[in-house]
Amino acid sequence: MQNIKIVAAGDSSLLIEFGNEINEEINRKITTIVQLMRDQQIEGVVDVIPAFCSLLINYDPRIVSFEKMQRRMHALVKMDLKGGAGRKRIFEIPVCYGGEYGPDIGTIASHGGLTEKEVIEIHSSRDYLIYMLGFLPGFCYLGGLDERIHTPRLANPRVKINAGSVGIGGSQTGIYPLDSPGGWQLMGMTPVKTYDPSREVPILLEAGDYIRFVPVDEAEYRRIKDLVERGEYQCIIHEGEM
Amino acid sequence: MGIRILKGGMLTTVQDLGRTGYQSQGFGVSGVMDVRSFRIANLLLDNPENEAVLEFTLIGPTLEFTATSIIAITGGDFQPTINGEPAPMYTAIYMKKGDILKFGSARTGTRGYVAFSGYLGIPVVMGSRCTNLKSHLGGFKGRKLEAGDYINFRIKRPYLPFFLSRTLDLDEFDQEEATLRVVMGPQEDRFSKQGIKTFLNSEYVVTSDFDRMGCRLDGPFIAPKETSDIISDGIVFGSIQVPSHGKPIILLADRQTTGGYAKIATVASVDIPKLVQRKTDHRIRFQAISVQEAQKLYMDEVKELDRMRKKIHQPCREVLECRLAAKRITRLFTS
């Protein structure tokens with residue numbers, strides 16, 4: 001990671017480029033730096049946008065100049081060249097796969113020459129790193145989808161996809177945080193709200209967290225959904241060292 | 001007591017400087033499009049610098065006041081009237097209960113602003129009162145204003161010192177072309193030398209694809225070296241992205257937080273108002289400046305606003321010009 005570049009993005013922002021590839025090591029480093037910045041409360045910083053392999057920083061030029069900000073960020077980036085020495089959180093996301101909950105699971109199965117059961121097994125057998133959030137409030141870009149279940153997007157996107165839908169779009173998988181149009185192949189639904197504006201913390205997941213999809217049957221889906229509606233559901237989180 | 005919306009206009013929303021601090025969770029910033037006009041409107045009333053205002057687009061709203069308030073109108077000329085009489089802009093105006101403030105269509109510019117000394121009774125959501133239309137968040141029920149909506153004032157503030165001094169020169173919005181100063185990058189290296197030359201030496205035209213989210217321009221093809229697709233990264237107010245069709249798209253207040261097209265340059269903050277006040281078919285040129293120059297321009301504008309603040313806090317010259325003073329004082333007493 002020698003090729004870190006810090007460049008201006010206009011007069012009120014700078015962009016730190018950590019390389020030009022999507023990998024877990026680079027992304028963990030970005031997560032670590034964002035945590036460091038939150039701890040240090042750097043003067044003049046207004047907001048941050050961590051992405052796959054870059055970190056954008058909005059700052060107030062009335063308080064700090066580009067050169068000063070660039071120097072501070074150079075120092076911060078050097079401070080932690082290992083990266084990823086933080087805590088690891090894995091969120092269990094219960095998913096009711098197939099049927100009316102996942103109308104496209106048949107398409108995903110036939111595209112990969114698999115049975116629906118195999119698709120569910122493959123999708124729920126690994127933990128997915130949240131590389132970044134974007135597109136919609138709480139929308140997580142996940143990495144590491146098994147190639148056997150990569151499936152092209154719908155030729156004709158749906159006008160409305162319900163919040164909680166779990167789907168596959170090309171080589172990506174994810175959860176729709178709110179009702180939205182979209183072209184992903186839908187394989188299931190989670191009763192967990194990844195975005196709830198009425199909750200004290202509206203967004204459940206952060207970049208750097210992991211997601212583990214856990215298959216549940218319809219009865220369990222309904223049970224959890226009731227708890228969620230009453231505000232009594234606690235997401236199961238596994239914590240550990242990296 | 002506050003304002004009742006009699007007509008919503010084309011797109012009238014509650015805005016401030018935007019909802020920052022949540023972009024890492026995917027929340028866009030939103031906020032006003034023309035920051036300068038916004039700042040001047042609040043400045044005229046001694047409001048806090050981030051106090052919420054109404055922003056309207058192309059066709060303005062009609063408002064009925066159900067309480068006394070002082071207001072200031074800035075931005076494009078929407079031919080405002082109070083009870084049918086032309087209303088001054090860039091001036092503190094005393095509004096009484098029952099007064100009707102009516103905006104027409106934009107004679108110059110595209111966006112107008114009105115600030116209130118009583119402060120709009122809009123709840124703060126995640127640190128801001130601004131409306132995020134896409135996420136249906138903040139502002140008035142997360143949406144644009146419509147006839148029948150009612151907004152209370154948070155406080156009574158029917159008096160401001162140096163009232164007659166509270167008038168400033170009008171900003172001009174009638175130009176049909178603008179040169180936007182830009183800081184190159186962050187991905188100028190994705191474009192060929194010829195591509196950058198084209199970008200900086202050509203005239204581009206504002207298309208009808210122009211809303212709070214962004215402005216698409218039409219003009220000569222800006223060639224990338226290979227592809228203009230990048231691994232998605234953060235976007236700022238004024239990012240100029242160039243997808244493979246080679247035409248610039250300038251991202252504005254309602255931009256998404258991240259995007260996957262290379263950004264050839266970023267518009268200097270002080271020049272964004274020049275763009276957002278233009279109309280379809282107006283012409284745009286780009287001029288490269290350094291980040292240091294852009295930050296100096298930013299600070300120069302801060303100083304200019306400070307001078308305006310000083311000016312409106314001095315005893316009024318006009319008091320000597322009896323007729324003008326009499327005209328403005330009359331409004332305080334007639335109903």
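Trainee: Let's start with β1 of chain B, residues 2-7. How many bridges join β1(B) to β11(B)?
Mentor: There are 3 of them, linking β1(B) to β11 (residues 150-152) of chain B, and the two strands run antiparallel. B:Ile3 sits opposite B:Ile151 of β11(B). Keep in mind that this is a predicted model.

Trainee: OK, and what about β4(B), how many bridges join β1(B) to that one?
Mentor: β1(B) is joined to β4 (residues 62-65) of chain B by 4 bridges, and that pair is antiparallel.

Trainee: Switching to chain A. What order do the strands take in the open sheet of 4 strands?
Mentor: The order is β1-β2-β4-β3 in chain A, with antiparallel pairing. β1 (5-8) and β3 (45-50) of chain A are the edge strands, each pairing on one side only. On average, neighbouring strands there are turned by 20° against each other, ignoring direction.

Trainee: Which residue in β2(A) is the bridge partner of A:Ala8?
Mentor: A:Leu14. β1(A) and β2 (residues 13-17) of chain A have 4 bridges between them, in the antiparallel sense.

Trainee: How many residues does the hairpin from β3(A) to β4(A) go through?
Mentor: The hairpin connects them through 3 residues. β3(A) and β4(A) run antiparallel and are joined by 5 bridges. A:Asp47, for instance, has A:Asn58 in β4(A) as its bridge partner.

Trainee: Further along chain A, why is β9(A) described as largely enclosed by the rest of the structure?
Mentor: Because 4 of the 5 residues of β9 (residues 165-169) of chain A are buried. β9(A) pairs with β12 (residues 185-189) of chain A in the antiparallel sense over 4 bridges, and A:Gly167 has A:Leu186 as its bridge partner in β12(A).

Trainee: What about β10(A), how many bridges join β9(A) to it?
Mentor: 4 bridges, with β9(A) and β10 (residues 172-175) of chain A running antiparallel. A:Ile168 is bridged to A:Thr173 in β10(A). The hairpin of these two strands has 2 residues between them, and A:Gly170 takes a positive phi near 65° there.

Trainee: How many residues are in the largest nonpolar core?
Mentor: It has 147, and B:Ala41, B:Ile71, B:Ala115 and B:Val182 have the most contacts inside it. The largest share, 6 residues, comes from β6 (residues 127-133) of chain A. Beyond its neighbours within four places in sequence, B:Ala115 is in contact with several residues, including B:Ala41, B:Leu45, B:Val53 and B:Ile71.

Trainee: Last one: how many residues does each chain put into the contact?
Mentor: Chain B gives 30 residues and chain A gives 37. On the side of chain B that touches chain A, β15 (229-234) and α4 (291-311) of chain B each supply at least two residues. The largest share of that side, 6 residues, comes from α4(B). By type, the residues on that side of chain B are 11 nonpolar, 18 polar and 1 charged.

Conventions
Residues are numbered from 1 along each chain as its sequence is written. Chains are lettered from A and ligands numbered from 1 in the order in which they are written. This is a predicted model: local features need pLDDT of at least 70, side-chain atom pairs count only at pLDDT 80 or more; totals for chains, interfaces and linings use all residues. Two strands pair if DSSP finds at least two bridges between them. Axes are lines fitted to C-alpha atoms, for helices over the stretch in contact, and angles run from 0 to 180 degrees between N-to-C directions. A nonpolar core is a set of buried Ala, Val, Leu, Ile, Met, Phe, Trp, Tyr and Cys residues joined through C-beta atoms within 7 Å. A residue is buried if 20 or more other C-beta atoms lie within 10 Å of its own, exposed if 12 or fewer, and partly exposed in between; C-beta atoms are placed from the backbone. Two residues are in contact if their C-beta atoms, placed from the backbone, lie within 7 Å. Ala, Val, Leu, Ile, Met, Phe, Trp, Tyr, Cys and Pro count as nonpolar, Asp, Glu, Lys and Arg as charged, and the others, Gly among them, as polar.
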